[in-house]
Amino acid sequence: MQRKCNFGIIGSGWRAEFYMRIAQALPDLFQVSGIVTRNKEKKVQFEKTFGYRVYNSIDDLLLERQPDFMVVSVSKTVAAGITAQLSQKGIAVLAETPPATNIKELNELYKLVKSGARIQIAEQYFLQPMNAAALSVMQSGRMGNINYALVSFSHGYHAISLIRKILGIGYENAIIQAHKFSFPLVEGFTRAGMPEKESIKDNEHVFAFFDFGNKLGLYDFENNQHRSWARSQRIMARGERGEINNADVKYLKDFETPIELTLKRMQAGESGNLEGYYFKGVLCGEQWIYQNPFIPISFSDEEIAIAMCLLKMKEYVEGGPEFYSLAEASQDQYLALMMEQALESGEKVTTQTQGWAHS
């Protein structure tokens, strides 16, 4: 029988609760060693709701438990310090995004990795089912060499991570141009829930071009568009033989034979289907391009992606490959910081090779 993924959690915010719910839903796969928080109200809530032991400090937890790794899910202003503290104790870390707030902190963390620290970052967007399915098609060669990516899906480093993966970019430098505008939008769902009444607010909209020489990434994001019922997400990738536009796949089998397919989500429990209610996977024509590894649990795409981060982290600490390294996360955060610099200056910004690029 496969050993469970045994992890602890540092943090008691909205994001930390995802890990608790996932572990609670999949007790055969995951075991929470304990939670570290000094928030007394959250301590009582978590022990009552989830039944997990809550500790006041990292040392208190480590005195009683031996987790395979710790999930760091705290404010980005203190995340780097806690990650460093755990690494210096020899504890493997799965840190929430971003791993640090500035280039200096990113470089300091990477020094720990060079000294043997085991750090991976819980970037989830490329692991969400439709994105994972689209990336699989893009990497199959059907579209030829992907040289253009448009990502209007999420903000900052999340979107940039998708741009890099679509284009097959590692640590190549880029020339960045960025512009921002404001547009009115009816406010929608937030982490606090639904609004009590209609409210229209000006939202910042950012366009940025990442010119990697022979490849171009276009970042297009309106603040909170991923939580708005009045906005939609879009991902497009183009190569010399075809393109993917969200779920639509077009490519040339040969120069005179066009193929058109659709990435189709398959759901159990709809209409007359009585298998249960859960996401089954994604079909591309007659091929399963993605299959949900957590059937029959009814998870959101976000929960599926986070659960995959946990499984991949377990493989990593057992000697398996990295899945989203500190170097990758640092590069995405660095590009996001340079995009902000281009926005503020109104001028082109050329990135410079950083220390983690030699990983």
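Buried, as used here, means a relative accessible area under 20%, exposed means over 50%, and partly exposed covers the range in between, with a 1.4 Å probe and protein chains only. By that criterion Gln-120 is buried, with a relative accessible area of 0%. This is a predicted model, in which local features need pLDDT of at least 70 and side-chain atom pairs count only at pLDDT 80 or more, whereas totals for chains, interfaces and linings use all residues. Residues are numbered from 1 along each chain as its sequence is written, and side-chain values use heavy atoms, with hydrogens and water left out.

Gln-120 is found in strand 6 (residues 119-121); strands here are DSSP runs of E with at least two residues, helices are runs of H or I with at least four, and both are numbered from the N terminus. A polar contact is a pair of N or O atoms within 3.5 Å, where within protein one atom must be able to donate a hydrogen and the other to accept it, and where residues adjacent in sequence count only if both atoms are side-chain atoms. The side chain of Gln-120 forms such a contact, of 3.4 Å, with the side chain of Glu-322, and a polar atom of the Gln-120 side chain also lies 2.9 Å from the backbone nitrogen of Phe-323. With contact taken as heavy atoms within 4.5 Å, and residues up to four places away in sequence not counted, Gln-120 touches a set of residues including Val-93, Leu-94, Ala-95, Met-313 and Tyr-316.

Ser-12, in the loop between strand 1 (5-10) and helix 1 (16-25), is likewise buried, with a relative accessible area of 13%. Its side chain is joined to that of Thr-37 by a polar contact of 3.0 Å. Apart from neighbours within four places in sequence, Ser-12 is in contact with Thr-37, Asn-39, Lys-42, Phe-46 and Ser-73.

**Helices**

Helix 4 (residues 76-88) and helix 5 (residues 103-114) pack at an angle of about 10 degrees, with their axes 10 Å apart. The axes are lines fitted to C-alpha atoms over the stretch in contact, and angles run from 0 to 180 degrees between N-to-C directions. Angles under 35 degrees count as roughly parallel, and helix 4 and helix 5 are therefore roughly parallel to each other. In this packing, Ala-80, Thr-83, Ala-84, Ser-87 and Gln-88 of helix 4 meet Glu-105, Leu-109 and Leu-112 of helix 5.

Helix 8 (residues 301-317) has 17 residues and spans 25 Å from its first C-alpha to its last, close to the 24 Å expected at 1.5 Å a residue, the expected span being 1.5 Å times one less than the number of residues. Helix 8 is mostly covered, as 13 of its 17 residues are buried, and it is followed by Gly-319, whose phi is positive, near 105 degrees.

**Backbone geometry in loops**

| Peptide bond | Omega |
|---|---|
| Thr-97 to Pro-98, cis | near -15 degrees |
| Ile-295 to Pro-296, cis | near 10 degrees |

Pro-98 is found in the loop between strand 5 (93-95) and helix 5, and Pro-296 in the loop between strand 16 (287-291) and helix 8.

Asn-246, a residue other than glycine, has a positive phi near 55 degrees; Asn-246 is found in the loop between strand 12 (242-245) and strand 13 (248-254) and is partly exposed, with a relative accessible area of 36%. Ser-271 also has a positive phi near 55 degrees, lies in the loop between strand 14 (257-268) and strand 15 (278-284), and counts as exposed at 83% relative accessibility.

Notes
Parallel < 35°, antiparallel > 145°, perpendicular 65-115°, else oblique.
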